[in-house]
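Reader: Could you walk me through the charged side-chain contacts here? I would like to go pair by pair.

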Amino acid sequence: MKEKLKILFELTKFRITSFVTITTAFGFIAANGSVNLYMVPVLSGILLLACGSAALNHFQERHIDAMMSRTSNRPIPSNRISERNALIVSLLLIVSGSFILFFGAGELAF
């Protein structure tokens, strides 16, 4: 289980995507002028969308990543996750993030 979480964190580039969420929080506060519960679906949706986009990028770059020594140990080229499963994870994150953003924060946020 620990290895699967490690792969998921690497596939979603969680350290980077979490900073996207923090940046979104600061933008929300600057635009809204306050911190409130409306931030929860906005930040959740953005985090899931950013993670899904990072995973989709891994899927799209899998053949190039396999050819370069710097990137050959990424989850897909190293066969720690299958191409199919990486794509499924990506699409699930993107769809769920879109759903949360649309229904939790509204059409404009989506």
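**Salt bridges and burial**

Author: Asp65 is buried, at a relative accessible area of 3%, where buried means under 20% relative accessible area, exposed over 50%, and partly exposed in between, with a 1.4 Å probe and protein chains only. This is a predicted model, in which local features need pLDDT of at least 70 and side-chain atom pairs count only at pLDDT 80 or more, while totals for chains, interfaces and linings use all residues. Residues are numbered from 1 along each chain as its sequence is written, and side-chain values use heavy atoms, with hydrogens and water left out.

Reader: Which residue forms a salt bridge with Asp65?

Author: That is Arg74, with the closest N and O atoms 3.4 Å apart; a salt bridge here is a side-chain nitrogen of Lys or Arg within 4 Å of a carboxyl oxygen of Asp or Glu.

Reader: And how many salt bridges are there in the whole structure?

Author: The search finds three. In another of these, the side chains of Arg80 and Glu10 meet at 3.1 Å, N to O. Arg80 lies in the loop between helix H4 (62-67) and helix H5 (83-105) and Glu10 in helix H1 (residues 2-11), so the pair ties together parts 70 residues apart in sequence. Helices are DSSP runs (H or I, at least four residues), numbered from the N terminus.

Reader: Are those two side chains buried or partly exposed?

Author: Arg80 counts as partly exposed at 27% relative accessibility, and Glu10 counts as partly exposed at 29%.

Reader: What about Glu83, which side chain does it meet?

Author: Glu83 meets Arg62 in a salt bridge of 3.2 Å, N to O. The pair links distant parts of the chain, with Glu83 in helix H5 and Arg62 in helix H4, 21 residues apart. Glu83 is partly exposed at 35% relative accessible area, whereas Arg62 is buried at 16%.

Definitions and conventions. Helix = DSSP H or I, 4+ residues; strand = E, 2+ residues; numbered from the N terminus.
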